[in-house]
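Work through the exercises below with the sequence and the coordinates open. Each task is followed by a solution in steps.

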Amino acid sequence: MTFTSYMDLALEEARAAAARGEVPVGAVIVSPQGEVVARAGNRTRELFDPTGHAEILALRAACAAAGSERLVGHDLYVTLEPCPMCASAISQARIARVYYGAADPKSGGVAQGPRVFEHPQSHHVPEVYDGIAAQEAEALLKGFFAGRRG
C-alpha cells in the first residue's frame, strides 16, 4: 500500500482562510477508502464562532456526510498542531490518524501543552504524525501574523 498525503489540500484550505482574514489553518478528512470526505479552513471570525476551527468544521461536515458522530478509520490532515479543543473532538470522533504540519508551542494540545491524547480521560488515541509540510505551514502562519503586525 502506498502512502498518499493530503496535506496539499489542507494547505489550500489554509491559504483560502488567510485570504478571508482568518488564521491560515486548513484541515482535510479522508475516508478509509482514500476519499476526501470533508475539507475546511478556519472561520472563527466569519462565523463569529470560537469553535470555528478548521478541524471542528471538517469533523462536522464529515460526520454529517457519514450520518454518524464517529469517523472510525478516517484520517485527518491539518496544517497546525490541533489545540486542546480540537484534539478532544478528534478523539471523540474516533479519528484513526492525525497528520499535522507546524507545531504550536503556544496553543497546541497534542505534543505541547495539555497533550490531550495522553490524558486518561481520552477514550480514543489516534496515531499522530507531525512535521508534514511543516515549513510551508509555518511560512503561511508567520506571513499572516507579520502582515497583521506590520
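Buried means under 20% relative accessible area, exposed over 50%, and partly exposed in between. The model is predicted.

**Exercise 1.** Determine whether Glu 13 is buried or exposed, and find its salt-bridge contact with Arg 39.

Solution.
- Glu 13 has a relative accessible area of 13%. The cut-off for buried is under 20%, so Glu 13 is buried.
- The side chain of Glu 13 forms a salt bridge with that of Arg 39, at 2.8 Å from N to O.
- Glu 13 belongs to helix H1 (residues 7-19) and Arg 39 to strand S2 (residues 36-41), so the pair links parts that are 26 residues apart in sequence.
- Arg 39, with a relative accessible area of 35%, is partly exposed.

**Exercise 2.** Which parts does the salt bridge between Asp 75 and Arg 97 tie together?

Solution.
- The closest N and O atoms of Asp 75 and Arg 97 are 2.8 Å apart.
- Asp 75 is in strand S3 (residues 75-80) and Arg 97 in strand S4, so the bridge ties together parts 22 residues apart in sequence.
- Asp 75 is buried at 11% relative accessible area, whereas Arg 97 is partly exposed at 23%.
- A network of salt bridges with shared partners joins Glu 12, Glu 13 and Arg 39.

**Exercise 3.** Locate Arg 94 and Ala 133, two residues with positive phi.

Solution.
- Most residues other than glycine have a negative phi.
- Arg 94 has a phi near 65°. Its place is the loop between helix H4 (84-93) and strand S4 (97-102), and at 18% relative accessibility Arg 94 is buried.
- Ala 133 has a phi of about 55°. The loop between strand S5 (127-129) and helix H5 (134-149) holds Ala 133, which is partly exposed at 32%.

Methods
Residues are numbered from 1 along each chain as its sequence is written. This is a predicted model: local features need pLDDT of at least 70, side-chain atom pairs count only at pLDDT 80 or more; totals for chains, interfaces and linings use all residues. Side-chain values use heavy atoms; hydrogens and water are left out. Helices (H or I, at least four residues) and strands (E, at least two) are DSSP runs, numbered from the N terminus. Buried means under 20% relative accessible area, exposed over 50%, partly exposed in between (1.4 Å probe, protein chains only). A salt bridge is a side-chain nitrogen of Lys or Arg within 4 Å of a carboxyl oxygen of Asp or Glu.
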